[in-house]
Amino acid sequence: MGHLIPFLELANRLVLHHNLQATLFVVGTGSSSAEFALLQKPSPVNIIPLPHASSSLDSNAPIFNIISSMMTASFPFLRSSIAAANPRPVALIVDLFGTPALSIAHELGMLGFVFMTTSAWFLSLSFFYPSFDKSMVDAHVDNHDPLVIPGCTPVRFENTIEVFELNQKEVYVGFGSFASELGTADGILSNTWQDLEPTTLKALSEAGTLGKGKVNEVPIFPIGPLTSNGDPTLESEVLKWLDRQPDESVIYVSFGSGGTLREEQITELAWGLEMSQQRFVWVIRPPAGTESMGTFFTAGRGSSGDDWASEFLPEGFIKRTKEVGLVIPMWGPQAEILSHRSVRGFVTHCGWNSSLESIVNGVAMVTWPLYAEQKMNAAVLTEEVGVAVRVRAEGDGLVKRKEIENKVRMIMEGKEGGGIRERVKGLKISGEKAVTKGGSSYNSLARVASECDIFRRRRDGGCYS
Ligand code: UDP
């Protein structure tokens, strides 16, 4: 969902603002009702599900490898669909897992772009990765030395990506093969904006001038924040509940489309929320495994009722918090929740979409990164732009109830939280300006559309070789 939602938004904007036609090919998991609902919504975009290619890997393989094997299995169908299209499309835009398909675009006489649905900082790590000295990567993975990215803030090991934390050769060989294809793109679109990550965007735009480890010059188009606006007509229990709460009085808790906590951690979170004495909405999933992690293939499956959640919540929790809290099983209408006037704070796993959705609604965050590149995102939010505070786990990996209580209170009522809440409201305005007609991101996407147009004229006029 973290890739699907911004891709659909990108396709919508290309059609509605930039006069293009768009087809969205979806490699679905086939198990998510949220994915199904999203694709059923009326849209100006032509949506084509790619036949569900179940991964040949066992389900305990790292998520990165599972997704990449599903993507690769779908390429022959993608190729034949594009080859059969009349008129021939002008450009193919893929995500990081789709970079091997850039060669299909080039072979079929099209432009090939990548849309990175993450921060520019993660993009820069991926972009420069093929030029990194192996010894530096080894020192990062084995000795936890910072990873130095040219022109960007170095990545301390506590903020590193899951690929390096896992320290499994096949995972980072896989990551490297996707990353190395970035250099073959005709441009990279990034879901960020100039004022959010100025230093990193400067480093990326100067990439071609770097000496040693020089990478191909690829234009970078910051086009964010691209987020879904939510549906103002949506009716749901949670929105009705929020309607009954005072302005800016609720903290929303959710770990994205795939985040799950271990049972002990759910207990600590429940106590932390209760002890904070704040109003809350919590999207809850059953515990999975012994770690807090991502289990994308169960997320979004329907489950309902307090009884279901009572099984793994502390005894009496739902009853005791009935007046101030609401627990929603599995999935909530996040875009609508975050834009509700009663929501002031968000305990988030720091998926990039969740982070942006919080910023565009001026909602301050408590960051609780779990997997993928979420620790880098947490560092951007807390250290670079100061719109969040981060929870800290103890040695056993558990974030304790007192820590949760303190950080939630800080964001919802504390003095320190006041500055954070003010900054996020400022950033909301800067994000709005960036995507409004004439703003930096709007213009950036207009440049992509115009490059497509120039390319199409040359190609279809017979000048393309
Ligand atoms: N989301 C939602 N309801 C939920 C959980 C997630 O609507 O209960 C949406 C959320 O608004 C966001 C996306 O799913 O747009 C998750 O993307 P993100 O990048 O935050 O995290 P990921 O799921 O990729 O880890």
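Predicted model: local features only at pLDDT ≥ 70, side-chain atom pairs only at ≥ 80, totals over all residues.
**Exercise 1. Find which residues touch the most other members of the largest nonpolar core. Then list the contacts of Val387.**

Step 1. Start with the core. The largest nonpolar core has 122 residues.

Step 2. Pick out the residues that touch the most other members. They are Phe113, Val114, Ile188, Tyr252, Val281 and Val387.

Step 3. Take Val387. Neighbours within four places in sequence are set aside. Val387 is then in contact with Ile359, Ala364, Met365, Leu381, Ile420, Arg423, Val424 and Leu427.

**Exercise 2. Describe how helix 17 and helix 18 pack. Which residues make the contact?**

Step 1. Know what to report. Two packed helices are described by the angle between their axes and the distance between the axes.

Step 2. Helix 17 covers residues 401-412, and helix 18 covers residues 415-435.

Step 3. Read the geometry. The angle is about 55 degrees, and the axes are 6 Å apart. This angle makes helix 17 oblique to helix 18.

Step 4. Name the residues. Helix 17 contributes Met410, Ile411 and Met412, while helix 18 contributes Glu416, Gly417 and Ile420.

Step 5. Sort them by class. The contact has four nonpolar residues, one polar and one charged.

**Exercise 3. Describe the shell around the ligand. How many residues surround the ligand, and which helix gives the largest share?**

Step 1. Count. The ligand is surrounded by 17 residues.

Step 2. Name the closest. They are Gly2, Gly256, Ser257, Gly351 and Ser354.

Step 3. Find the helices. Helix 14 (334-338) and helix 15 (352-360) each give at least two residues to the shell. The largest share is four residues, from helix 15.

Step 4. Sort by class. The shell holds 10 polar residues, six nonpolar and one charged.

**Exercise 4. Decide how enclosed helix 15 is. What covers its buried residues?**

Step 1. List the buried residues. They are Trp352, Asn353, Ser354, Ser355, Leu356, Glu357, Ser358, Ile359 and Val360.

Step 2. Compare with the helix length. Nine of the nine residues are buried, so helix 15 is largely enclosed by the rest of the structure.

Step 3. Find the cover. It includes helix 1, helix 14, strand 12 (343-348), strand 13 (364-367), helix 16 (374-384) and helix 18.

Step 4. Look just past the end.

**Exercise 5. Examine the backbone at Asn19, Glu248, Pro87 and Pro225. Where does each residue lie?**

Step 1. Recall the rule. Most residues other than glycine have a negative phi, and most peptide bonds are trans.

Step 2. Take Asn19. Its phi is positive, about 60 degrees, although Asn19 is not a glycine. Asn19 lies in the loop between helix 1 (4-18) and strand 1 (23-26). With 9 other C-beta atoms within 10 Å, Asn19 is exposed.

Step 3. Take Glu248. Its phi is near 45 degrees, again positive in a residue other than glycine. Glu248 belongs to the loop between helix 10 and strand 7 (250-254). Glu248 has 16 C-beta neighbours inside 10 Å and counts as partly exposed.

Step 4. Take Pro87. The peptide bond from Asn86 to Pro87 is cis, with omega near 0 degrees. Pro87 lies in the loop between helix 3 (63-84) and strand 3 (91-94).

Step 5. Take Pro225. A cis peptide bond links Gly224 to Pro225, with omega about 0 degrees. The loop between strand 6 (220-222) and helix 10 (237-243) holds Pro225.

Terms used: Residues numbered from 1 in each chain as written. Axes fitted to C-alpha atoms, helices over the stretch in contact; angles between N-to-C directions. Parallel < 35°, antiparallel > 145°, perpendicular 65-115°, else oblique. Contact = placed C-beta atoms within 7 Å. Nonpolar A, V, L, I, M, F, W, Y, C, P; charged D, E, K, R; others polar. Near = placed C-beta within 6 Å. Core = buried A, V, L, I, M, F, W, Y, C linked by C-beta atoms within 7 Å. Buried ≥ 20, exposed ≤ 12 C-beta atoms within 10 Å, placed from the backbone.
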